[in-house]
Structures are given as structure tokens and as C-alpha cells.
Protein chains: 2
Amino acid sequence: MNHSLNKRNGVAIVGVGATPFGEHWRKSLRELALEASLSAVAEAGIRGKDIQEFFIGNMSGGMFTGQEHVAALVTDFLGLNPAPAIRVEAACASGSVAFRQGYVAIASGLYNLVAVGGVEKMTDVQGGWATAILSGAMDTEWEAYFGVTFPGIYAMIANRYMHEYGLTREQLAKVAVKNHYHGSLNPNAHLRNRITVEDVLKSPLVADPLRLFDCCPISDGAACVLLAPANEARKYTDTPILVGSCAQASDTLSLFGRRDMCTLDATRHAASQAFEESKLSPEDVDFAEVHDCFTIAEILATEDLGLCSKGRAAKLYDEEQTFIGGKLPINTDGGLKAAGHAVGATGVKQIVEAVRQLRGEAEKGRQVKGAEIGLTHSVGGSGATAVVTILRRGDSIP
Amino acid sequence: MNHSLNKRNGVAIVGVGATPFGEHWRKSLRELALEASLSAVAEAGIRGKDIQEFFIGNMSGGMFTGQEHVAALVTDFLGLNPAPAIRVEAACASGSVAFRQGYVAIASGLYNLVAVGGVEKMTDVQGGWATAILSGAMDTEWEAYFGVTFPGIYAMIANRYMHEYGLTREQLAKVAVKNHYHGSLNPNAHLRNRITVEDVLKSPLVADPLRLFDCCPISDGAACVLLAPANEARKYTDTPILVGSCAQASDTLSLFGRRDMCTLDATRHAASQAFEESKLSPEDVDFAEVHDCFTIAEILATEDLGLCSKGRAAKLYDEEQTFIGGKLPINTDGGLKAAGHAVGATGVKQIVEAVRQLRGEAEKGRQVKGAEIGLTHSVGGSGATAVVTILRRGDSIP
């Protein structure tokens, strides 16, 4: 079986926009999506009606706000009618799966300009209800109905991983410490407070061994990117970013169905295909934005993407190599953990952050020096869906 | 702005499957989707792992059943991992928008075999809750929150249309009478009772002028089709059906935002593009499956698709031309009105019906004689999304 693309065009990102992630009490789902989309459109200096197709990632507009048909809503208010509007859903990977559809639309030669947005408005529901809604990303009948929530799922993974590979509670905390540090430098992050290992260890227990500071927040937010064929990119921007590859893979929806609780095979498949398609290897990656919904998820991602070998991620954290300035900066904007997790928007927001890093536009202290190649990684549920995208500077585009 | 596709391959349908639509009290969302998908796979004689990508249309898995991430669920249980799984949502047009993504995946030359499913499990919620969930397809903040439901929206359209074009209450009833008659011949239809104009006029008032028999039922069901490049279609089937074109367009999400309450511009745009792309005209169409969520919707569709001129649809019904055997058979399986409306599945189920008609496989009394070209038409919300697909017999495929 061959999942690789028979591409007709190179694909470039020619405009990006994002709202800050956080609690946007005064902005609706539609307003968030419009704000992000309009910044992307303004950046690329296009008219809305140049956009031929609009994809939007959104996980649970219905359950969070009552609003389905989200792509039509946003396309309408952006003034893009009659362009086709397509909402894509794959739980917390919704934004990146939407991005991949946009990538395919350009790579195939079918279109010359498409927009990919992602949006989620999560904070209008009460307390535990958001956690209940998010359990729609797991196997509802065989996991959620028996009472497990996502903190519980990832706690089981963490326990097993600590048992198999000797990861310590302190090492796990270092993921959060690093991401909060990066978040403190990012004006658009949801959580900007710096924390220590001790803060993590003293924070309230959520699902043993995971504590409050091991879990990402529930955020409102939106992001948008514009895609065009690489050979037309300079019409829109002086700093086009090339999409080297974008690959998606699936695995069992349930955690109990997995081959190995400590490995996300979907991540491994997607990464292997993304590296093959872009003719790059993990050693080429200058920085990565990975899916750290819980601290343990970042450990798995780092290994399953091939950025280090299995069971060796903790060492990178002990040596502080994943900080900006280290050998392999991870989650330079704070990741889901500190920059926030507006589920349908997150995959697109990761792309926006990678584009800004590759353009050299990140704020002081946050810029990865000389970054040429960045990777983004997004996970739906506990690993049923994974998407890996490799981006590179577009200097080679004439 | 050009929305037409730069195609690399012709696209053929090489296998179809569908569950009956109705109240499936003993089958879950997953079981319905599997049943339909497995029949399509069996029909094409493929192994599941030949499928390179799986698209699924589903409107509100979250609100109806708690389950989002529906594509990953179905892909997993079909044994297709690690193939990419993509859920597409566009309200009641979810299935047809998913179909269009599958069509694009093949037309672009990116893939050689993709599956497109559609599924909805709607009857597990209580009474009016389904109507509330469906209101997520309109502009929630500016329409639903003020109390209007879909029967109300379509009642406003019907009133305006009756005022503008002199449509009578009796003529409107004839749409339902014809669709129930067709449904009575279809063993997979949700409603199989024949009704008279008098039955419609005596049925309970839902939203003036619409009565119970003007409204489609709320159904459970699933459908699936397999797509391949036309020049490979004979590997899978002796009766491939060609997708001449598949076009999608958007309009305002709200009814109050429309240019004209009695015309769905999204249908007009999609139809005009679909005819242009397939180099066919409305006169070439032998039968049509159109979106008749309410009787008035079928009247609008018939006109906006160009199958007759504006304001003239009622005449076709007076002359009984839309019955099987008439000049222009419409909704040969009973349509949404009688065959049922499992919202995410409906757009795919329409394709399944059109394929069976073009293959000459419809049951006795239901077959459109000599059908060579069929059209399907799907609407999301009150007309924010429309998709038009033109199918033709694949005799020309070598």
C-alpha cells in the first residue's frame, strides 16, 4: 500500500495569522476565526475572493457552542461565497488534518490559492463538561462510557512508560517547566507563568502520576494559513515557507487496542512518510512543535518522531537540550501545555509558529537561531490520528 | 475566480453499499458505518487494505452519540490502519462534501483507491433534542438562539414562494405523495406507506404551511462508495459508473442574509459548474436525487438545478412528470422525505441510489428505463452549502 503523494506542485505558505490562545470571554467562535483569517489575508495582501477553497479544522463546535457547519459560517463572514467550505474533524488533530487537505489541494495542481483555518471556542461550557466533550475523541462506547477521561488515558500511558523505561516523576516535570518557560516569552500564550519542577510536583493530583501542571489548559483560539503553489509564492510574500511534506496516519481509536501503550504507531507511520517524502531525516530538524496535551505525550512524540531513540527522551530534558538555544528546541511557543490548546485550532497554530520561526520573526529570546527546517506534529485522541508536517525556508524559490 | 478542477484522472465508482435508513435501535454508529462499508468492499472484491484514504461524512456524532473522531473509529474497525481517516462536516451536506473530497483525491491523480462513507445515528436522543441539534446547521447565534428551527426556516421559504409564484398547498403536497410512492417501492426506505394529497393536508401542522407529511423523518443509516481512476475501474467491476463532475458552492449561513429567499444560489453555482465541467446540460439528465428535507426544498432544487425554469416546478408535479416513468423522475428511492434522512449519510446514499439506477439494478417498478445520466444534489442548512454531482454509465470505459 502506497500512501505517498503523486505531487504536481510544490506547496508554499504565503500568509499566516492567529489569535492569542486563552479565555476569550468577549469573542465568539466566529469572531475568533475571522480575526485569525483576516490577519492571514492581510499578511499575504490578497483579496478574500482570490481564495478558491476554505478548509477549517474544528473538533466540537456543536457540543461546545451549538454551532456545526462551521466552515460555511466562517466562509460566509469572510465574504468568500461561493467558494467551497469544508470542515474537517479528527479530534485534537482537526487543524492539522485540515491543513493536510489544503496541502493536497495545492500539491495536486487543482487549486492556486486555498485557506486553512482552525478554531475552537471551549470556555463557554461549565467545568467538567469540557472534559466530557473531549472524551468524544476516544472510543466513546468502550472507553468513555466506562468512566475514563483523557487525563486517565494519559496517566495509564505515563505509568506504563515509567515502568518500562525508568522515567522519573521529576523528569516528566521538566517538560512542563521548559514549556512554561517558552510560554513566558510568547505574548500569545495562554499560560505565561514560569514554573519549577517543585511547582509541578506540588500541584494538585489529577490522575496519578499526572498533576495539574502536567496537563494543558482548555483554550479558545483560532489560526489560519494561506497556501499557494511554490512557483507562485513570491507574488504574495518575500518570505515564503515551503511545505516539504505533510503525512497523516491512523491507529486504533482505543488505547487498549494498541500494540504498545508507550508508542504511538500513527506518529511513527506519519513521521516516516513525511521524512521520506521530503527527503530529510530527523537529524535535519532544527526545531519541532509537538503534541504535548500532557507532559508524557511530549516524551512519546520526541521518540516516535525519531528525534531520539526509544526510552532516551528524558536525557534530552535532563540536559536541557529541548530549550530554545539547545540542540533540539521543542515547542518554542510553549506548546499545548503553555501556549494553550484550542483543539481544532492547535494543528494550524503549530504551523503558524513554525512559519514565524523559519522567517526569523519570533520575539527576542524565543527565536531559534538560523532555523531552516521545522517539524510539526499533531495527535487526535490518544493516538488514533497523527499528522506530521515538515516545513523549510523558501530561499530556493525563485 | 475559477473553481473548476484541473483533473488528471477520470473518476469511477467501483463499489457501493448502504444500510436501510430507519430506526436502528440495535445498531450503533460504528455498526451502521461498518455494515455499509463492508458491503461496498465486498461488491468491489477488494481487500480493505487496498483503500488508501477514508473520508466520512458525519454531521453531529458528538451531539447525537457523544462520539467525535468518527473517521478514525470507522477506519480502525474496518482494519484500514494506518490509512488516513478524514471526517468531513457540512451539516446535511456532510456526505456529499466528503464524496467530493474523495472525488478530488482520485481526480488529482494522488490516489488510486479511496472510500467515502457517510453515517448518522440520530434516534438515540429524546424528542425535540434532535431538532435542537440540527439547528447547529443554521446560524446558531443569529437564528437558532432566537427560537427558529428548520421547519420554521423552510416554512418561511414556502410562504414566500407561494406568495411569489402562486404555488398552492395542494401542489406542495404532491411532492410528498410522489416521494412516498417511490419509497413504497424501495425496501431500504424509512417510510414505505403510500399517502394521498388529502393525507398530507390533514396531517398535523408543524410550521405553517408545512405539515407533518411535508417534513422528512429523522433516520439512522450509513452508506459507502469506493472510487478509483476510470482507467482502472474494470479491475474492480463490470459496471463502473463515471463521475462526470462534482461541484460545491457556499452561500450565507443565515436565511435572512440571502439575496432571494426563494432561490438557493449555492445550488445554482454548484449546478452551473457541474454541468460545465461534465459538458452536459440539464436536458441530458435522465433522473435526479435532490435534497427534499421539506417538500418546498424539492421545488426549489428542481428549479435552481435548471431542471425547469423558475416558478415552473409545480407544473411538473401537476403533470406527474417527476414520478418514475415520467419525463424527469426525481428522488427515485423516495428521497429524504420517504427513504429517510440520516444527515451525514444522505449525500452518499443519494450516490448509491444513482449508481444502482445507472447499473439498471433498481427493484421492479423503481428502475428508470434506459437511464444513462443521473444527477445528485445535496444541501447543508437552509442552503449555505450545496453539492451537485453528475454520474453517467461507464460503457465508454475500456
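Leaving aside its neighbours within four places in sequence, Gln321(B) is in contact (heavy atoms within 4.5 Å) with Leu316(B), Gly326(B), Lys327(B), Leu328(B) and Pro329(B). Gln321(B) sits in the loop between helix H11 (313-318) and helix H12 (335-339) of chain B; helices (H or I, at least four residues) and strands (E, at least two) are DSSP runs, numbered from the N terminus. A polar atom of the Gln321(B) side chain lies 2.9 Å from the backbone nitrogen of Lys327(B).

These details come from a predicted model, in which local features need pLDDT of at least 70 and side-chain atom pairs count only at pLDDT 80 or more, while totals for chains, interfaces and linings use all residues. Residues are numbered from 1 along each chain as its sequence is written, chains are lettered from A and ligands numbered from 1 in the order in which they are written, and side-chain values use heavy atoms, with hydrogens and water left out.

Turning to the interface, 69 residues from chain A and 69 residues from chain B take part in the contact. About 5300 Å² is buried between chain A and chain B, 49% of it on carbon and sulfur atoms; buried area is the accessible area (1.4 Å probe) that two parts lose on being put together, summed over both. In chain A, the most area is lost to chain B by His69(A), Pro82(A) and Leu110(A), together 13% of what that side buries.

Eight salt bridges are counted between the chains, each a side-chain nitrogen of Lys or Arg within 4 Å of a carboxyl oxygen of Asp or Glu. One salt bridge joins the side chains of Glu53(A) and Arg100(B) (2.8 Å, N to O). The elements that give two or more residues to the side of chain A that touches chain B are strands E2 (53-57), E3 (85-89) and E8 (241-250) and helices H2 (61-65), H3 (70-77) and H4 (94-107). H3(A) supplies the largest share, six residues.

Strand pairing also links the chains: E3(A) and strand E3 (residues 85-89) of chain B pair in the antiparallel sense over three bridges, where pairing requires that DSSP finds at least two bridges. Here Arg87(A) stands opposite Glu89(B).

Key: Polar contact = N/O pair within 3.5 Å; in protein donor to acceptor, adjacent residues only side chain to side chain.
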